[in-house]
Every structure is written in structure tokens, then in C-alpha cells.
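These are my notebook entries on a single protein chain. I set down what I looked up, entry by entry.

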Amino acid sequence: MRGILDTFTSMSGLCENPEKSVIWFSKRATSRDKRGVLSIFPVEYAPRTTTYLGCPISKAGYYTRDFINLKERILNKLAGWKLHTLSFAGRTELIRSVLQSMPMHVMATQLLPKKVLNDLSSIFKKFLWGKVGHNRYLALVGWEKICTTFQQGGLNIRNLNTLNISWVMKTLYNFLAGDKTTWAKVCGAKYCEGKGFWEGNYQRGNSDLWKAFHKIKHCIKADLLWIIGSGSKIPAIGQPWYPNWEIDIQQAPQATDLSVRDLFNFQLNQWRIQNLTQIFHPNSVHQIQSLKPTPTQDLTVPDRLVWKPSKNGLFSLKLAYQFLANQSQEAPADHLAGKIWSINDLQPKIKAFLWKITHHALPTMYELRRRIPRISPVCPRCGMENETIHHMLFICTVSRAVWFCSPLAIRTEELPLDPMQTLQWAFSILLKEQLTLFANIAWAVWKSRNAYVFRAHKENPTSTLAEAMALQAVKVHPMSRPTEEVHMDETVYISSRYAAVCFLDGSWDNNGRSGVGVAVYCNKGRLQHISCKPENVGSPFQAELAALQHALQVITDLQVPKPILFLSDCMNLTQYLNEGEEELIQDWRAIPANFQCRAFLQQNHALRHFLLLVPVKYRLLVPVVKRY
Ligand SMILES: [Zn+2]
């Protein structure tokens, strides 16, 4: 034994380090043997389980506790990341890229115990929802869903169990394809003596890799095929080189050492029929005779084991995972969720935010109530309705004001009640930049709501909208920084004929929730002012007039330079004020406001020619503004 160690040292230049070495003895070793070995090579006894290159190795099977190292390494890594500084999207990315690559080398050589995989998954799960350690957490979307692709509505995080099987499949493929490395030779010599891999099985005491091979071999069996080169490497029985091969494993009269090459007569360039009929079922003989290609005489032509699902025939971990996880293209696709991730110019955290909306996974009071019954579902901001996602984003007073005053000028009360449908609507109707603006506004509304609920910050539609505009101005690039001044040059372009543009609109409903809103932009497209206020009015037209009144007040107060382009979507209002058609006003309740506006317009004569009608179908004002 000393001799072996010395030879190794002289040949490799490496010598053993007793302090870093441990030893296991086999059961049959007597205490004399043990003493003898230890006198030559004085090292310590190994514990039942130890680690080698980070993988736990064990003398007799594995327990969950043997993988505690792996778990601890992951937990340590997590502790190094400042959890609260990471967004949901950031955490998702970390799980995808870093965490999942950590147990790979262990996964490729054994099937980890289910308990270990579940424990690791639950660490990832907790981390994703913002918790580490033993803290309780609330997962708003099921892990199964999260582990599907973007197109299927998930987050493209991999399922560890499936991943583990794919990794072992890869190792098995390498083994079957004739890997020349030592481990493959050892496995072959130790376990395949006298029989092929497929007809064999594992036994107690076999290595974990070997057991894993046999546990997952059904996943890969049907997809393998030998392409015959010289035929010398393929055993005649028990290998997938013709369609019927599995049947013949059971029916072959005796084990044979013949290779495929031995069955071919190169002089006559045909199969040796006599041999074939001795070994194979008549159907198989027929199949073999029609095989193309036949073995080539040149011994250097290699036989290739092809994995059929991949184009080049080589095993692909990614494809294997997709097949096992049922993520091939035929799988039903969740189109909306898929589209979210493909929007450019949107920060990942906002994409993740939209994704949460599609899964009803924003923790509004109503959504929390569905999971935790003791929580009150009522909106903490207005206290008037249940705080559904729809209410929080679009209906609650401040949210409405923000949407209305934005360049999109959306009247949120007309949106569908299901936020999923709203997103579908947004995706189908909005232009690219409008869509990102829509998403940025939604995000800003949610942030402002949270600031109010958790930190009692007073909500202000102007700053909420300014935040959304700032996001819009930030190009999504890892190195970009928000610009100090918020410009919207790309969103709103106003002809230099006007010094400013003023959006105005009134909203009205039967429940007395009426209000007006005004937004003023300078001709560089910079937002100068946004305001909105409740207004006690009795009809839609009256609300529109009140809005104009409010706008006139604002431009006077702010001394906005003239000429100003006014934009309204109320045809009555524009016709009346531009053309003076008094009879158009059929609503007597509007008359007082009407008088005031007329008086104001007469004083500021220049104004009246600049009131522009925006057709109702262009609720979204941006393209209209671009035209002028
Ligand atoms: Zn509310």
C-alpha cells in the first residue's frame, strides 16, 4: 500500500496529507488489518458521512441531516444579501441565477431526498416573498405556478425535483453513451458484469448514483437510439439500436457477448441471418434486416447514442427539464403573463408588479382577507368600499385623480372590474410608450397607497404622477440614473405655436362622486401643474364646465404664459365655446357655470380660439397632442 501511494506521488507530484484525509474500513476488515493500514497511513476514522468537494458522501445511505451543509451554505448566502433592499423582481432573479446553481454538482450525482428538496424549495419560496429564517410569510402565488415558464404565467424558476431528475438523466446519458472517465468505467465494471444496464437493477449497498440511474431510467429510455458506426461498441442484446430491442431483452435465450458488429458479414455485406435468428424474435430479425445504416468496416467510425428530442442528438439539460416539467411548446400558454415580460423599457420590478396583478397577488386588504379572515377588507384610504386591486389602483379617490390627470387621461370608472381584463385592454389598445406609462402609473399609485397605509404619508396625486413620469423618463439600462428634471419629450410634443397646453375634464356620476381635473404642460412637454378637486355638480356637462372654470382659475393663479391650447373631450363644450351655439346647452343646471366661463372668455378674448375638441374615442390624449 505504501508502494501504491509512493508511485502515485512520484507520478503525479502530489502527496497525501494525513491531516486532510479520513478513512473508512469495510465490514470485513479485522482489527489487525486496520492497525496495519493505519501504521502505514496514519489518518483518522471517517464519520459515517463526510463531504468531498462539497458533496456529502456516506458509507451507508443518506439522511436529511447529511445535507445540512448544503442548506447552510444557501442560508449563509442569503444572509449576505440585504433582503429589504431587494425588490421582488431582484429576488426572483437571484433565485433563478445564483441559488439554483448552488446544489448542481450534488444533484448530478444523486437523487436528493425529497425532504431536502422540499426544504431547499421552501428556503427559496420564503426568500421570494421577502422572509428568511423562521419568520412566517405569506405566499400570494403557489410555488407550482411560480415554477412554470413566463408564457405559462410563472416566473421561470425551476422546480428542484424536476431539475434533479434532469441532472441525473444527463449523467446517465453520458454513462450510456460510453463515457471514458474513471467513474463510468468503475460503474460499468462493478455493476454491469454479465448483463446490460437496462435489464439490471440496483441492489442494497450499490452506490447512490447507480440507484439514481435505475430510478430515473424510464424517463430517458424511450428517447435513446444508437446510430450504428462500426457497431463494435453496441452489445447486440439490451441496447436501443432497433425498434424491438426491449422485447428481446426478456426473450433472448441466453446472454450473449456479441456486439452488433459481430452480427454483420462484411464480405457479403449483409447480416448473418443464422446468428440473428438464434438470438432474436422473428419480428426483430425483420427489423434489423431493414436497418440503415449497416455497420461500416472501418473500426474508427464511432457508434453514437442519440437522444431523440434534441436536434443534434446530444443530451440537453434544458430540453430534458422542459419535457419533464411539461413546458414544451404544446403546453397551454398564458398569453397575457407572457407579454408582460417582453415589454422593453419597463423596470423588472414593475413587470413583476404587473405579473402580481394578473395573479391577484397584490396584498390589498381584500386580497389579504381572502387568505387571512380576521383582516378587514375595507379600503384604508377612503373607507368606502372593499379594497380590491381594481379599487386600489383605479377607483379610490386619489388613484382616480392620478389616472385622469395623466397624459393617458383615463376615466377609470369605465374600466372593467377585473384588473386582468384591464391589463388585457391596455395591451390591446395602448401604443408601446403608453403601455409603459400605464404600468409606471399603476406602480406609482401602488407605492403611494403603501406610503399612506404603512407610513401615514399624505397622498398627493401630483407627486404620484411625477414619480410615474420620472420612471417613464428612465431608460431601462443597468447603468442608467434617473434624470434630475422630469421631461416628457417623448411622450408629449406640443407645437411651438402654444406656450402651454392644458388638459381639462370633469367626471360625474349619480352618487355625487363628481370632480374636475386639470393638467398643464409647458411647450417643452414638462408637467407644470396637476390638480383635481371634488365638485358638487348635477350633470356631466356641468362637470365639464366646472373643469374649464377650474382650469381658467389655475392658469390665472400660475400666470401660465399664453397662448394656451385647451384640450377637452366634451363636444358640447368645445362647440359651444368656439362657435357660441347657445342652444346646444340643454342642461339648465349648467347655466350658472356657463355664464361665468363666458364672462371669463370674453375678458381673455384670445383664449376662445384655442379650445380644441378631442374626440371621445381618443380618451388617451397623447397621440392627439403629438399631432399638434
Ligand atoms: Zn379607497
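Predicted model: local features only at pLDDT ≥ 70, side-chain atom pairs only at ≥ 80, totals over all residues.

**Entry 1: Confidence**

Residues are numbered from 1 along each chain as its sequence is written.

I then looked up the protein chain as a whole: its pLDDT averages 78, and 81% of the residues score at least 70. Where is confidence lowest, and where highest? The lowest mean, 35, belongs to helix α26 (residues 622–627), and the highest, 93, to helix α18 (residues 389–395). Helices (H or I, at least four residues) and strands (E, at least two) are DSSP runs, numbered from the N terminus.

**Entry 2: Helix α19 and its cover**

Why is helix α19 (residues 397–405) described as largely enclosed by the rest of the structure? The reason is that seven of its nine residues are buried. A residue is buried if 20 or more other C-beta atoms lie within 10 Å of its own, exposed if 12 or fewer, and partly exposed in between, with C-beta atoms placed from the backbone. Among the buried residues of α19 I found Arg-400, Trp-403 and Phe-404. Their cover includes α18, α21 (432–455) and α22 (461–473), as well as strands β9 (500–507), β10 (515–522) and β11 (527–534).

I next examined β10, which is mostly covered, with seven of its eight residues buried. β9 and β10 pair in the antiparallel sense over eight bridges; two strands pair if DSSP finds at least two bridges between them. In this pairing Val-501 stands opposite Tyr-521 in β10. β10 and β11 also run antiparallel, joined by seven bridges, and Val-520 is opposite His-529 in β11.

**Entry 3: Nonpolar cores**

A nonpolar core is a set of buried Ala, Val, Leu, Ile, Met, Phe, Trp, Tyr and Cys residues joined through C-beta atoms within 7 Å. Which members of the largest core touch the most other members? Of its 68 residues, they are Ile-441, Cys-502, Val-518 and Ala-551. The core draws at least three residues from each of domain 4 (334–483) and domain 5 (492–628); these bounds come from an automatic or database domain assignment. Leaving aside neighbours within four places in sequence, I found Ala-551 in contact with Cys-502, Leu-504, Val-518 and Phe-566. A second, separate core has 54 residues, including Phe-280 and Ile-288.

**Entry 4: Strand β5**

In strand β5 (residues 224–227) the side chains alternate. β5 pairs with strand β8 (residues 304–307) in the antiparallel sense over four bridges, and Leu-225 stands opposite Val-306 in β8.

**Entry 5: Residue Thr-50**

Lastly, I looked up Thr-50, found in strand β3 (residues 49–52). Thr-50 counts as partly exposed because it has 14 C-beta neighbours inside 10 Å.

Definitions and conventions. Contact = placed C-beta atoms within 7 Å. pLDDT = per-residue confidence, 0-100.
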